[in-house]
Amino acid sequence: MTQNNNIVLIGFMGVGKGSVAREVVQHSPYIAIDTDDIIESMENRKIKQIFEDEGEAYFRKLEKNIAKWLQHSVQNTLISTGGGFYKQKNIKNIGTIIFLDSPFDAIIKRIKKHPNAEKKLKKRPLLSNLKEAKKLYDERRPEYLKLADIVVDVTDKSAKECSKEILKKVKKHV
Ligand code: S3P
């Protein structure tokens, strides 16, 4: 099995995958893409709308198509993923997996202190019920850990600090 030389950011909704990715590209030659952005652009509608119109299973099918494309056609890229993308069976073939880790309460605190907090919560259908979201978090965290080649604890760290840590650890890993 050939390992692609992409970096794949995984982790729970709101943990800061997008912000960290934007910081990494400022300090490295990586080009960054985001699986949710690709889906929204292909479908010409927001994730929230896709969930409402078609349901979650349809969204996961789109993620599956993207996972195949990433494995076979993408190199040297920093790939930021939606919180459920880890379920894709070929994810380990896409690149080095970096899990951005943080406790559930810290993630929610992080979202709530954002100036656009309301929007950030609204656009994520699976965060609309915090009790359910915590259950999802507890189910997923062990799975994220199992898949990860590298774990970065992002709690109370700036995107810049996380980005530095990622680039250092990736260098050591390859
Ligand atoms: C999801 C996370 C979202 C988005 C969709 C489903 C999930 O991405 O892909 O709402 O299953 O955790 P973020 O992790 O960027 O919020």
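**Salt bridges, sheet and pocket of a predicted model**

E54 forms a salt bridge with R45, in which the closest N and O atoms are 2.8 Å apart; a salt bridge is taken here as a side-chain nitrogen of Lys or Arg within 4 Å of a carboxyl oxygen of Asp or Glu. The model is predicted, and local features therefore need pLDDT of at least 70, side-chain atom pairs count only at pLDDT 80 or more, and totals for chains, interfaces and linings use all residues. Residues are numbered from 1 along each chain as its sequence is written, and side-chain values use heavy atoms, with hydrogens and water left out.

E54 is partly exposed, with a relative accessible area of 38%, where buried means under 20% relative accessible area, exposed means over 50%, and partly exposed lies in between (1.4 Å probe, protein chains only). The pair formed by E54 and R45 belongs to a network of salt bridges that links E43, R45, D53 and E54. A search of the whole structure finds 14 salt bridges. Among them is that of D149 with K92, whose closest N and O atoms are 3.0 Å apart. D149 lies in the loop between helix 7 (130-147) and strand 5, and K92 in the loop between strand 3 and strand 4, so the pair ties together parts that are 57 residues apart in sequence; helices (H or I, at least four residues) and strands (E, at least two) are DSSP runs, numbered from the N terminus. Both partners are partly exposed, D149 with a relative accessible area of 28% and K92 with one of 30%. K169 is partly exposed, at a relative accessible area of 31%.

The strands form an open sheet of 5 strands in the order 2-3-1-4-5, with parallel pairing, two strands being paired if DSSP finds at least two bridges between them. The edge positions are taken by strand 2 (31-34) and strand 5 (150-153), each of which pairs on one side only, and the twist averages 25 degrees from one strand to the next. Strand 1 (residues 6-10) is joined to strand 3 (residues 77-80) by 3 bridges, the two running parallel, and to strand 4 by 5 bridges, again in parallel. In strand 3, S80 stands opposite L9 and I79 stands opposite V8, while the bridge partner of V8 in strand 4 is I97. Because 5 of the 5 residues of strand 1 are buried, this strand is largely enclosed by the rest of the structure. Both of its faces are covered, with N6, V8 and I10 buried on one side and I7 and L9 buried on the other.

Helix 1 (residues 17-26) lies across strand 1, strand 2, strand 3 and strand 4 (95-101), and runs at about 165 degrees to strand 3; axes are lines fitted to C-alpha atoms, for helices over the stretch in contact, and angles run from 0 to 180 degrees between N-to-C directions. The buried residues of helix 1 are K17, G18, V20, A21, E23 and V24, and their cover includes strand 1, strand 3, strand 4 and helix 8, contact meaning heavy atoms within 4.5 Å. H27 lies in the loop between helix 1 and strand 2 and, at 43% relative accessibility, counts as partly exposed. Residues up to four places away in sequence not being counted, H27 touches K160, S163 and L167. The C-alpha atoms of H27 and S163 are separated by 8.2 Å, although the two residues are 136 residues apart along the chain.

The largest pocket has a volume of about 1,000 Å³. On a 1 Å grid over the protein atoms alone, a pocket is an open set of points where a 1.4 Å probe fits, with protein on both sides within 12 Å along at least five of seven lines, and lining residues have an atom within 4 Å of a point. Of the 41 residues that line the largest pocket, D34, D36, K120, K123 and R124 are the closest to its centre. Helix 1 gives the most to this lining, with 6 residues, and is one of the elements that each supply at least two lining residues, which also include strand 2, helix 2 (35-43), helix 3 (47-54) and helix 4 (56-73).

Conventions:
Points joined across faces, edges and corners; volume = space filled by probe spheres on them.
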